[in-house]
Amino acid sequence: MSEKIADLSIGDFMDVLSSKAPVPGGGGASAVAASVGCALGRMVASLTLGKRRYAEVEPRVRAIADRLDVLRADLLALADRDAEAFEPLSRAYGMPKDTEEERARKAEVMEAALRTACEPPLAIMERVAEATGLIAELARVGSRLAVSDAGAAAVLLSAAVRAASLNVYINARSMADRSCAEGLTARADELVAQARRVADETFEQVEGGLR
């Protein structure tokens, strides 16, 4: 895909996502979902800033807003990186393996490509883990009129971190270097647990306060 995901309309992104094109896939979709979560959190901050009732927390909310802007942009860039990382892996799957030399070369290229393909989803998960903490804070101190939006952001982030983890798991399981693979999956496990705990607690608190 030649265009950057950030430059596509929502309709165009959905069209390419639903096509038989190999990218974007689950990794790109998780990054976009997480970016939407960050944007929702940024909206909560925007609705809080400048309000007399929240003057005491305004400096912190402004800092959160600025950081969410960065994370949102990072996540969209990582959606493109995820697609780019899949290309060498796709080529590696098609390499010949008729001779011993070809099989050895394919195994070497595959191993490197699998490791590279794990990097963008892990980076997505790291951004999500950070964003969940910021959203949790906004749910506590931000505008009460937008608390439902903070809850919506939290549940999107919870889904996104789980979705991104699957790209790590599917690539790591095919790696010959089991020590490296286990390190990657352990890091993914850690990020899923961290982000889900914070995001799910935030959602439950918001939901409980609204029902």
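Gly 142 counts as buried, at 0% relative accessibility. This glycine sits in the loop between H4 and H5 of a model that is predicted, not experimental. Leaving aside neighbours within four places in sequence, Gly 142 is in contact with Thr 48, Tyr 54 and Glu 137. Val 109 stands 33 residues away from Gly 142 in sequence, and the two C-alpha atoms are 49 Å apart in space.

The surrounding chain can now be described as a whole. The protein chain has six helices and zero strands, and from the N terminus on its elements run α-α-α-α-α-α. Its C-alpha trace spans about 75 × 35 × 30 Å along the principal axes. Of the 211 residues in the chain, 41% are buried. Among contacts with a separation of 6 or more, 76% are between residues 24 or more positions apart. The mean pLDDT is 95, and 100% of the residues reach 70 or more. Confidence is lowest in H3, at a mean of 94, and highest in H5, at 98.

The UniProt record, in an unreviewed entry, places the feature "domain: Cyclodeaminase/cyclohydrolase" at residues 9–189. In the model this span is 81% helix and 0% strand, and its end C-alpha atoms lie 33 Å apart.

In the loop between H1 and H2 is Pro 24, which is joined to Val 23 by a cis peptide bond with omega of about -5°. Helix H2 itself covers residues 26–48. Its 23 residues reach 33 Å from the first C-alpha to the last, close to the 33 Å expected at 1.5 Å a residue. Just after H2, Gly 50 takes a positive phi of about 85°. For context, most residues other than glycine have a negative phi, and most peptide bonds are trans.

In soluble globular proteins, nonpolar side chains tend to be buried together. Ile 135 illustrates the contacts: with residues up to four places away in sequence not counted, this isoleucine touches Gly 37, Gly 41, Leu 68, Ala 150, Ala 153, Ala 154, Leu 157 and Thr 202.

Charged side chains supply another set of links, since the structure holds 12 salt bridges. One of them joins Asp 69 and Arg 42, at 3.1 Å from N to O. Asp 69 lies in helix H3 (residues 58–93) and Arg 42 in helix H2, so this pair ties together parts that are 27 residues apart in sequence. Asp 69 is partly exposed, with a relative accessible area of 25%.

Glu 58 and Arg 62 meet at 2.8 Å, N to O; both lie in H3, four residues apart, about one turn of the helix. Arg 62 counts as partly exposed, at 41% relative accessibility. In helix H4 (residues 100–141), Arg 103 and Glu 100 are three residues apart, also about one turn, and their side chains meet in a salt bridge of 3.2 Å, N to O. An α-helix has 3.6 residues a turn, so residues three or four places apart point the same way. Arg 103 is partly exposed, with a relative accessible area of 39%, whereas Glu 100 counts as exposed, at 56%. Salt bridges that share partners also join Arg 42, Asp 69 and Arg 72 into one network.

Note on methods. Residues are numbered from 1 along each chain as its sequence is written. This is a predicted model: local features need pLDDT of at least 70, side-chain atom pairs count only at pLDDT 80 or more; totals for chains, interfaces and linings use all residues. Side-chain values use heavy atoms; hydrogens and water are left out. Helices (H or I, at least four residues) and strands (E, at least two) are DSSP runs, numbered from the N terminus. The expected span of a helix is 1.5 Å times one less than its number of residues. A salt bridge is a side-chain nitrogen of Lys or Arg within 4 Å of a carboxyl oxygen of Asp or Glu. Buried means under 20% relative accessible area, exposed over 50%, partly exposed in between (1.4 Å probe, protein chains only). Contact means heavy atoms within 4.5 Å. UniProt positions are given in the numbering used here, feature names are shortened, and annotations may be inferred rather than shown by experiment. pLDDT is the predictor's confidence in each residue, from 0 to 100.
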